Amino acid sequence: MTVRNPGGMAVPFDMVLDYADGSSERVHRTPAAWQADARKTEVPVAGGKALRSVTLDTGIFVDANPGDNAWAADTAGGR
């Protein structure tokens, strides 16, 4: 999954993955995630479960546009 960082600030973040089966997972990334490219990073997400939603949590760091920190699957339950 690609996470974009338009501001280019290397901050840690968590991704909260909610699955269609009702389970969830929190994936943490340190500022090193932005080392190769300050504008985007790839976060591997394990296959085998259908994603219902993904939410970015930047913790104490201020996000200029928190409205784009969530994704939800379409009604077909796609990934």
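This is a predicted model: local features need pLDDT of at least 70, side-chain atom pairs count only at pLDDT 80 or more; totals for chains, interfaces and linings use all residues.

Colleague: Before we zoom in, what percentage of the 79 residues of the chain count as buried? And then, which residues are linked in a network of salt bridges?

Modeller: Of the chain's 79 residues, 25% count as buried. The chain has 6 strands and 0 helices. Its radius of gyration is 13 Å, close to the 12 Å from the globule rule, so the chain is as compact as a globular protein of that length.

Now to the salt bridges: the structure holds 3. The network you asked about links D14, R26 and D57. Start with D14 and R26, whose closest N and O atoms are 2.8 Å apart. D14 sits in strand β2 and R26 in strand β3, so this pair ties together parts that are 12 residues apart in sequence. D14 is buried, at 15% relative accessible area, while R26 is partly exposed at 48%.

R26 also forms a salt bridge with D57, and here the closest N and O atoms are 3.2 Å apart. D57 belongs to strand β5, so its pairing with R26 in β3 ties together parts 31 residues apart in sequence. D57 counts as partly exposed, with 32% relative accessibility.

There's also a salt bridge between D21 and K49, with 3.8 Å between the closest N and O atoms. D21 is in the loop between β2 and β3, and K49 in the loop between β4 and β5, so that pair ties together parts 28 residues apart in sequence. D21 is exposed at 52%, whereas K49 is partly exposed at 37%.

Terms used:
Residues are numbered from 1 along each chain as its sequence is written. Side-chain values use heavy atoms; hydrogens and water are left out. Helices (H or I, at least four residues) and strands (E, at least two) are DSSP runs, numbered from the N terminus. The radius of gyration is taken over C-alpha atoms; the globule rule is 2.2 Å times the number of residues to the power 0.38. Buried means under 20% relative accessible area, exposed over 50%, partly exposed in between (1.4 Å probe, protein chains only). A salt bridge is a side-chain nitrogen of Lys or Arg within 4 Å of a carboxyl oxygen of Asp or Glu.
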